[in-house]
Amino acid sequence: MSTLKVSIFSLDGPAYEGEARNLNVPASDGSVGILPGHAPMIAILKTGITRILDDKGEHFFITGNGYVETVGHEAILMVRHGVPVTGRDAAEAFMKEDDPLKVAAKAHRQRQLEAV
């Protein structure tokens with residue numbers, strides 16, 4: 001099966017780099033699904049849930065405003081913030097907050113401290 005090279009870059013540095021079978025991003029006019037070989041595209045992104053499906057399962061990020069560019073088998077996201085979250089339910093819960101990026105970042109930092 002063909003894969004898509006996905007890179008998420010934020011102001012804080014790289015948030016994700018890897019191969020994926022599917023990518024869903026929160027475009028300004030609705031969710032966009034991207035598969036390997038997607039037509040070249042540049043889309044404006046709004047704060048929302050970015051979902052990556054790879055051979056290990058689903059990965060979720062709360063991503064800030066920015067853009068996505070696709071060319072062939074590569075998708076590059078340049079976003080204000082890219083915070084990993086643990087699962088769809090957590091991502092949807094963060095999006096209900098007044099400032100989802102701030103709340104998700106705080107939870108991510110707490111998980112990192114607990115892992116040490």
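E58 is partly exposed at 38% relative accessibility (buried means under 20% relative accessible area, exposed over 50%, partly exposed in between; 1.4 Å probe, protein chains only). This is a predicted model, where local features need pLDDT of at least 70, side-chain atom pairs count only at pLDDT 80 or more, and totals for chains, interfaces and linings use all residues. Residues are numbered from 1 along each chain as its sequence is written, and side-chain values use heavy atoms, with hydrogens and water left out.

**View 1. E58 and R51 form a salt bridge.** The N to O distance is 2.6 Å. A salt bridge here is a side-chain nitrogen of Lys or Arg within 4 Å of a carboxyl oxygen of Asp or Glu. R51 is buried, at 16% relative accessible area.

**View 2. R88 forms a salt bridge with E58.** Their closest N and O atoms are 3.3 Å apart. The pair links distant parts of the chain, 30 residues apart: R88 sits in helix α1 (residues 88–95), E58 in strand β7. Helices (H or I, at least four residues) and strands (E, at least two) are DSSP runs, numbered from the N terminus. R88 is partly exposed, with a relative accessible area of 40%. Shared partners join R51, E58 and R88 into one salt-bridge network.

**View 3. R21 and D55 meet in a salt bridge.** Their side chains come to 3.6 Å, N to O. R21 lies in the loop between β2 (13–20) and β3 (22–27), and D55 in the loop between β6 (48–54) and β7 (57–63), so the contact ties together parts 34 residues apart in sequence. R21 is partly exposed at 30% relative accessibility. D55 is exposed at 69%. The model's count is 3 salt bridges.
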